[in-house]
Amino acid sequence: MYNRCALKPLVAAVAATLCLAAALLAQQSALPYTVVTRDARRPLAARTMNGQEMFALDDLARLFNLSVREDAAAGGLTIGAGNQTILLSTQQPLASIQGRMTSLPAAPARDGRTWFVPVDFVSRVLAPVSPTKIDLRKPSRLLLVGDVRMPRVAARVESLGTQSRVTLDVAPPTPHTVTQDGGRLVVRFDADALDAADLRANTTTDLVQNVRPGETPQTVVIDLGPRVATFRATDQPGAAGATRILIDLVPQTDAPTPTPTPTPTPTPVPVPPQPDTPPLLDIPPAGGLRTIVIDPGHGGEDIGAKGAQGTLEKTITLSVARRLKAAIESRLGTRVLLTRDGDQAVGLDQRAALANNNKADLFISLHANASVRPSVGGAEVFYLGLEGYGEAARLAAQAPRDALPVLGGGTRDIEIIPWELAQARYIDQSGAFARAIEGTLRERVPMSARAIQQAPFRVLVGANMPAVLVELGFLTNPQQEQRLLADDHQNALAQALVEAIVRYRGGAGGTR
């Protein structure tokens, strides 16, 4: 029989041990950050306390020449940064900079005689008041101090038929060169170093074996497969002011050499001149399409529809949008912009605004559908319906341009169109484009019983050009969910949309 009194000290000891273990887990060493200046690199220790990464305030004081004074009566810390004064509450996650309040993810924490502050204290509080440039990059665990040229570089590899494409997103834009060195390409940047935390691509092809940092800190190396014949490198504007480097790899052709056969000498006859080799690009005629904006629906926390196997609409639309962009650029040579090229949230009006600001000729919003009935399936195409807009929409569609005076004399015709009515004057052209898409999709993929419809979608309302919304299929249909995940089906969707653009451009609606 157990003695209950004897067990009490044992239980207390176990509880104390568990509390100590919990305290140790709450205060763990984290991987250090690297402080980068033009002249050197050195580590900056980080520590996890109560689920937050922290820097020791003493370390920051030495690094940035800060003065720190504790005011126990006021329950705060006074930090001097040059001629700026920072008041940091020790009870709440708040800092005051010359009277301006700034929030922090956590309040300062004390361990012995050392105060610790959240890592974000550097970017939210110190960076705005520091005379020296400070750039905290948490994903890369870097802290750049001073005028350090260290662009972020991310890579993506994708197949484009027989070719492969390596896409490098570079922020901020940085001068660079692309050269071939034996069985590899070397991309050299005019920089001190590269922030290459997101460099390694997850996908490889028979033409691209690897994408990796180079032997010097300013270079990226693309290891090529043995079948690469040549490459083409072009630059395009990327999202949020970045630069996008597109490197297309062209494979060798393996055409067999024909065996010569003896033939009698023919009587010489006049040979008509042979036509020139057709150009690689299907160049748009004058007045044709110069810019197309593709809108991958949803993004960020807005996942859109979700299939039974967990397939997300935002993932499918981005994948098809990237394929469509590559196909348009390859076949038509047309400038193509994506409203998002990553998993970020973009407002509905922002999507149309990007198209308007870039004077796009076409706007295509991609989505995947959902239904309460799993049997419902098929692609659908929508263009804006004006029900509810009434007489105002009709007048906007017929509105003349206003003549406004310009500097130096004279006038200029300006279109002043309310945002809510911008699409009204393009309804007929949008309808023609929608019908072209419905026709080419029907040749390649299953279509809904209501394949073409009008609806008041907000994303189309403000588009000041022909605009459509394409539902690529139903994720709630198990068979279509599987198809939408397949590369060949996504390629078929992209090719159908490219063919629709070609047909639309060749018709009456192809010029604006």
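Guide: Sort the lining of the second largest pocket by class and you get seven nonpolar, 11 polar and eight charged residues. Keep in mind that this is a predicted model. The space in this pocket comes to about 700 Å³. Its lining counts 26 residues, and those closest to the centre are Arg 165, Asp 248, Ala 326, Glu 329 and Ser 330. Helix α4 provides the largest share, with six residues.

Now for the strands in that list. They form an open sheet of four, in the order β13-β14-β20-β19, with antiparallel pairing. β13 and β19 are the edge strands, each with a single partner, so one side of each has no neighbour in the sheet. On average, neighbouring strands here are turned by 20° against each other, if you ignore direction. As a bit of background, strands of a sheet pair through backbone hydrogen bonds, either parallel or antiparallel.

Zoom in on β13 and β14, and you'll find nine bridges joining them in the antiparallel sense. Val 153 sits opposite Val 170 of β14, while Leu 160 has Gln 163 in β14 as its bridge partner. The two strands make a hairpin with two residues between them, and there Gly 161 takes a positive phi near 70°.

Over to the helices. Val 498 belongs to α10, and with 0% relative accessibility it counts as buried. Leaving aside residues up to four places away in sequence, Val 498 touches Leu 324, Ala 327, Ile 328 and Arg 331. Take Leu 324: it is 174 residues from Val 498 in sequence, yet their C-alpha atoms are 7.2 Å apart in space.

Some of these elements turn up again in the largest pocket, which holds about 860 Å³ of space. Its lining has 35 residues, with Ala 154, Ala 155, Arg 156, Asp 169 and Arg 322 nearest the centre. At least two lining residues come from each of β13 (152–160), β14 (163–171), α4 (313–332) and α10 (487–506). In this pocket β13 gives the most, with nine residues. By class, the lining splits into 12 nonpolar, 10 polar and 13 charged residues.

The largest cavity holds about 70 Å³, and its lining includes Arg 156, Arg 165, Arg 322, Ala 326 and Glu 329. β13, β14, β20 and α4 are the elements that give two or more residues to that lining. Helix α4 has the largest share, with four residues. The lining residues of this cavity divide into three nonpolar, one polar and eight charged.

Conventions:
Residues are numbered from 1 along each chain as its sequence is written. This is a predicted model: local features need pLDDT of at least 70, side-chain atom pairs count only at pLDDT 80 or more; totals for chains, interfaces and linings use all residues. Side-chain values use heavy atoms; hydrogens and water are left out. On a 1 Å grid over the protein atoms alone, a cavity is a set of points where a 1.4 Å probe fits but cannot get out, and a pocket is an open set with protein on both sides within 12 Å along at least five of seven lines; lining residues have an atom within 4 Å of a point. Grid points are joined across faces, edges and corners, and a volume is the space filled by probe spheres set on the points. Ala, Val, Leu, Ile, Met, Phe, Trp, Tyr, Cys and Pro count as nonpolar, Asp, Glu, Lys and Arg as charged, and the others, Gly among them, as polar. Two strands pair if DSSP finds at least two bridges between them. Axes are lines fitted to C-alpha atoms, for helices over the stretch in contact, and angles run from 0 to 180 degrees between N-to-C directions. Buried means under 20% relative accessible area, exposed over 50%, partly exposed in between (1.4 Å probe, protein chains only). Contact means heavy atoms within 4.5 Å.
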